[in-house]
Amino acid sequence: MGIRYMFLSVIIIGFTGCNILRNDISTVNTNNDKILFHSKNYFTDSSKVTFIECNEFVSNALSRYNIAIITKIYPMFDCTIEPVINSHDSSFIDTVYTFSDSKNKIQIYRARHKDFVITFDVTNSKFGLRSNVKVGITKKLFIRKFQIKKSISNEVQVVNSDSSMKFIFYFENNRLIRIKSDLYLD
C-alpha cells in the first residue's frame, strides 16, 4: 500500500513540475517579447536609410551566441576553423570559427580568454537577437520595440553611440528579411 502512495505521489509531483516548467518557459518568452529599448537620435538620411542609436540593444544583441550554443542548436551549419595571429601579442594564435549555410553566416573570434561574434548575417528566423528581434517580425513590432515615433525605411541601422558596432535590418513587404552586423573588433 505504501508503494502505491509513493508511486502516485511521484506521478503527481512529476506532472506538477512539468506544468511549472511549461509555465516558466512561456512566461520567459512573453516577457522577452515585451522588452522595449530606449532609442535616441533616430533619423532617415537622403539615401533612405534609417539610423537609430541604441547602446542598450547593440551592446547585448549577441550575448547568447557562442561556439557551444551554435554547434549544439544549429548542427546543420558547415563549420570551418581558421587560425589567426593575435594582433596584440603575436605569440598567441587565436581562431576564427565560421558557421554557415547557403544563406546564413555567423563568425566567432576565439581569443585566449573570450569569444567574440564578429559576423552575423542571417535570413533565417532561427537566429534571433535580444528580445526576439529576428527575421520575420513585422516593421510595426520593430518600431514598437525601439520606441520610434515615426515610420522607418526598409533599411535600418541600429548603432551604438560611437558607431563602432551596428546591426543592419532589411525589410521587405513590412517584414524583416535579413539581419547583418558590422562589428568593430580591436
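Me: What does the chain have in the way of helices and strands?
Reply: The predicted model has 4 helices and 9 strands, and along the sequence these follow the pattern α-β-β-α-α-β-β-β-β-α-β-β-β.

Me: Let's go to strand 7, then. Is strand 7 mostly covered or mostly uncovered?
Reply: Strand 7, which spans residues 155-159, is mostly covered, with 4 of its 5 residues counted as buried.

Me: In which sense does strand 2 pair with strand 7?
Reply: Strand 2, made up of residues 49-53, pairs with strand 7 in the parallel sense, over 5 bridges; within strand 7, the residue that stands opposite Val49 is Glu155.

Me: And strand 8, in which sense does that pair with strand 7?
Reply: Strand 8, residues 165-172, pairs with strand 7 in the antiparallel sense, again over 5 bridges, and Gln157 has Ile168 of strand 8 as its bridge partner.

Me: How many residues lie between the strands in that hairpin?
Reply: The hairpin of strand 7 and strand 8 has 5 residues between the strands, and in this hairpin Ser163 takes a positive phi near 60 degrees.

Me: What about contacts between residues 24 or more positions apart?
Reply: Among contacts in the chain with a separation of 6 or more, 45% are between residues 24 or more positions apart.

Note on methods:
Residues numbered from 1 in each chain as written. Predicted model: local features only at pLDDT ≥ 70, side-chain atom pairs only at ≥ 80, totals over all residues. Heavy atoms only, no water. Buried < 20%, exposed > 50% of the residue type's maximum accessible area, 1.4 Å probe, protein only. Helix = DSSP H or I, 4+ residues; strand = E, 2+ residues; numbered from the N terminus. Pairing = 2+ DSSP bridges. Contact = heavy atoms within 4.5 Å.
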